[in-house]
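User: I am new to reading protein structures. Please walk me through this one, step by step.

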Amino acid sequence: MTSSLKDKAVIVTGSSSGIGAAVVRQLADRGCNVVINFSRSQGPADTVAEECRAKGVEALVVKANIADDADCKRLVAETEHAFGRIDGLVNNAGTTKFVAHNDLDGLSGSDFLDIYQVNVVGAYQMIRAAAPIMRKDGGGSVVNVSSIAGVMGTGSCIAYAASKGALNTMTLSLARALGPEIRVNTVCPGFVQGDWLRNGMGADRYDATKAHLEATNPLRRAGGPEHMAEAVVMFLEAGSHITGEFLLADGGQHLAGAPIAIR
Ligand SMILES: NC(=O)c1ccc[n+]([C@@H]2O[C@H](COP(=O)([O-])OP(=O)(O)OC[C@H]3O[C@@H](n4cnc5c(N)ncnc54)[C@H](OP(=O)(O)O)[C@@H]3O)[C@@H](O)[C@H]2O)c1
């Protein structure tokens, strides 16, 4: 069956690696043209673009720091110039600092602001820039990549969890504000295998956490970027009556770790 995404155009922020790269690969599999965004990693972004082009779609690579509003506007303008339309936007680029939650002195006010500037303000700026073009072509779908941290208050640091909680709340506000033409939903990944966590946690803790999840998650595995991408693409490709939703893509991690409600 032909995908509803065939010949459409979707921007994926932070798509030079990890979840974002997995999303653009899966979009290309469906015949969707993609915009690959990065802020530092030009080489990896170009490699991902080549992989997409080999699948027969057009892939535009744009360097833009989504923390910067002028860069967000330029990213959207270059997309419109290349494809004449924007059907989907995936706000995937994110940042954090790894600080133990009980180390209250480990996070400064500027750490909070830096993390918010990308994870919350960046997503807002991208949506604000893209929405008029999405509306012009009959509407579209926005998918924010949040985190289980924003639901459970867990994750790499308190500022990161708070930023993802804010992103989840913003999803509700924008779903209300941008309907009926634009749907806004959020995917909340759990543990994702890859360098983000391996570098942040250190190899020993990363391996131990992965093994723990493989033993306790209801689905008995630690997820990879491709599992998160499946959930993102689902919101882009289908779900025409779904907006303002959060989807935990965590193999059931929230169930295994949840306190027992009735003793
Ligand atoms: N990994 C996990 O376990 C996990 C769990 C839950 C949620 N998440 C969320 O998933 C998203 C993707 O994470 P990932 O694990 O795939 O990490 P990743 O492999 O490190 O990818 C991050 C991507 O974001 C880009 N990026 C970072 N800051 C940017 C900025 N200011 N402007 C534009 N691009 C920027 C990076 O490109 P450059 O290198 O060029 O900057 C890279 O392409 C993030 O929002 C993260 O919070 C991850």
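User: Which residues of helix 9 are buried?

Analyst: First, this is a predicted model, where local features need pLDDT of at least 70, side-chain atom pairs count only at pLDDT 80 or more, and totals for chains, interfaces and linings use all residues. Residues are numbered from 1 along each chain as its sequence is written. Helices (H or I, at least four residues) and strands (E, at least two) are DSSP runs, numbered from the N terminus. A residue is buried if 20 or more other C-beta atoms, placed from the backbone, lie within 10 Å of its own, exposed if 12 or fewer, and partly exposed in between, and in helix 9 the buried residues are P225, H227, M228, A229, A231, V232, V233, F235 and L236.

User: How far does helix 9 reach from its first C-alpha to its last?

Analyst: Helix 9 covers residues 225-237, which is 13 residues. The expected span is 1.5 Å times one less than the number of residues. For helix 9 that expectation is 18 Å, and the reach is close to it, at 18 Å.

User: Within what arc do the buried residues of helix 2 fall?

Analyst: Those buried residues are A45, V48, A49 and C52. The arc is that of the directions from the helix axis to the C-beta atoms. Seen down the axis, the buried residues line one face of helix 2, because they fall within an arc of 100 degrees.

User: What do the buried residues of helix 2 pack against?

Analyst: G43 and E50 are on the other side of helix 2, and they are exposed. Contact requires C-beta atoms, placed from the backbone, within 7 Å. By that test, the buried residues of helix 2 pack against helix 1, strand 2 and strand 3 (59-63).

User: Which helix gives the most to the shell around the ligand?

Analyst: A residue is near a molecule or strand if its C-beta atom, placed from the backbone, lies within 6 Å of it. Of the 30 residues around the ligand, G14, G18, F38, G94 and V192 come nearest. Helix 1 (18-29), strand 2 (33-38) and helix 7 (195-201) each supply at least two residues of the shell. With 3 residues, the one that gives the most is helix 1.

Notes: Two residues are in contact if their C-beta atoms, placed from the backbone, lie within 7 Å.
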